[in-house]
Amino acid sequence: MILDLFKLDGKVAVVTGANTGLGQGMCVALAQAGAKVCGVARRSCDDTKKAVEENGGEFFEIIADLGSTKQIDYIISEAKNKFGKIDILVNNAGIILREDAVNVTEENWDKVIDINEKVVFFLAQAAAKEFIAQGTGGKIVNICSMLSYQGGIRVPAYTASKSAILGLTRALANEWAGKGINVNGIAPGYMATNNTSQLRDDEKRSGEILERIPAGRWGTPDDMMGAVIYLCSDAAAYVNGFTLAVDGGWLAR
């Protein structure tokens, strides 16, 4: 049956940025589909754990700072020690620092690029090594952005990082598809999360954004659920190097 292809029973998923927002929503979705979930964050994932368990799932918290690559080996080993393997990686953690381009400091530029781009690559590399060693293939989903396609305003480092992740998703798919590893991306539109609180609090800017979205509303973490399950499931076994927009039609305008 076709619906069986979407089941993730017996799979182990690692999700970064799992404590709030989109990461939390994707953890719940993966658990609902049958996966055991390792949530990675700098802060407590208690709310995510509660939500996963309320949906009958199993959640394991890994507290780690993804500001550098130093804790990548720790994340992988903790997940394996808990569940014995890794099948899925969702690279969701990221930051956005809003500033006029002429005022961006090197420190803040590096902070955004390290979290949004450098760590994403090396965590994907670490997961791919595990998938290859296990001999069972795996799924990597990188969370991109509308600014993977557009320039944006006052977010040059974020735009650079998310444009890079779209390209990286394609590059890794080229190398790893033949090894049974599906690397794809999701590009969320304007979502009601912590990263967009400044925009949503600005009545004028929020109104401009909503006028551009054909669906007429901000997205929510629930809107990401179907996309992440599809790309992490056998239903997407022949999907490689593609980034799926979940944007209410933003890119269609």
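How many aromatic pairs does the structure hold? It holds five, where the rings of Phe, Tyr and Trp (its six-membered ring) pair if their centres lie within 6.5 Å.

## Before you start

You're looking at a predicted model, where local features need pLDDT of at least 70, side-chain atom pairs count only at pLDDT 80 or more, and totals for chains, interfaces and linings use all residues. Residues are numbered from 1 along each chain as its sequence is written, and side-chain values use heavy atoms, with hydrogens and water left out.

## The rings

Let's start with Phe6 and Tyr230. Their rings sit 6.4 Å apart, centre to centre, with 35° between the planes, and the pair is tilted. (Planes under 30 degrees apart count as stacked, over 60 as edge-to-face and the rest as tilted.) This pair links distant parts of the chain: Phe6 is in the segment before strand E1 (12–16) and Tyr230 is in helix H8, 224 residues apart. Phe6 has 30% relative accessibility, so it counts as partly exposed; Tyr230, at 28%, is partly exposed too. Here buried means under 20% relative accessible area, exposed over 50%, and partly exposed in between (1.4 Å probe, protein chains only).

Next come Phe60 and Phe83, an edge-to-face pair at 6.5 Å centre to centre and 85° between the planes. Phe60 belongs to strand E3 (residues 59–63) and Phe83 to helix H3 (residues 72–83), so the pair ties together parts 23 residues apart in sequence. Phe83 has a relative accessible area of 14%, so it is buried.

Ring pairs also link Tyr190, Trp218 and Trp250 into a cluster. Over the ring of Trp250 sits the charged end of Arg212, 4.2 Å from the ring's centre. (For that, NZ of Lys or CZ of Arg must be within 6 Å of the ring centre and within 35 degrees of the ring normal.)

## Helix H8

Back to the helix that holds Tyr230. H8 covers residues 225–232, and six of its eight residues are buried: Met225, Ala227, Val228, Ile229, Leu231 and Cys232. What covers them includes helix H1 (21–32) and strands E4 (88–91), E5 (138–143), E6 (181–188) and E7 (243–246).

## The whole chain

Zooming out, the protein chain has eight helices and seven strands. These are DSSP runs numbered from the N terminus: helices (H or I) have at least four residues, strands (E) at least two. Buried residues make up 48% of the 253 residues, and the C-alpha atoms fill a box of roughly 50 × 40 × 35 Å, taken along the principal axes.

How values were computed:
Contact means heavy atoms within 4.5 Å.
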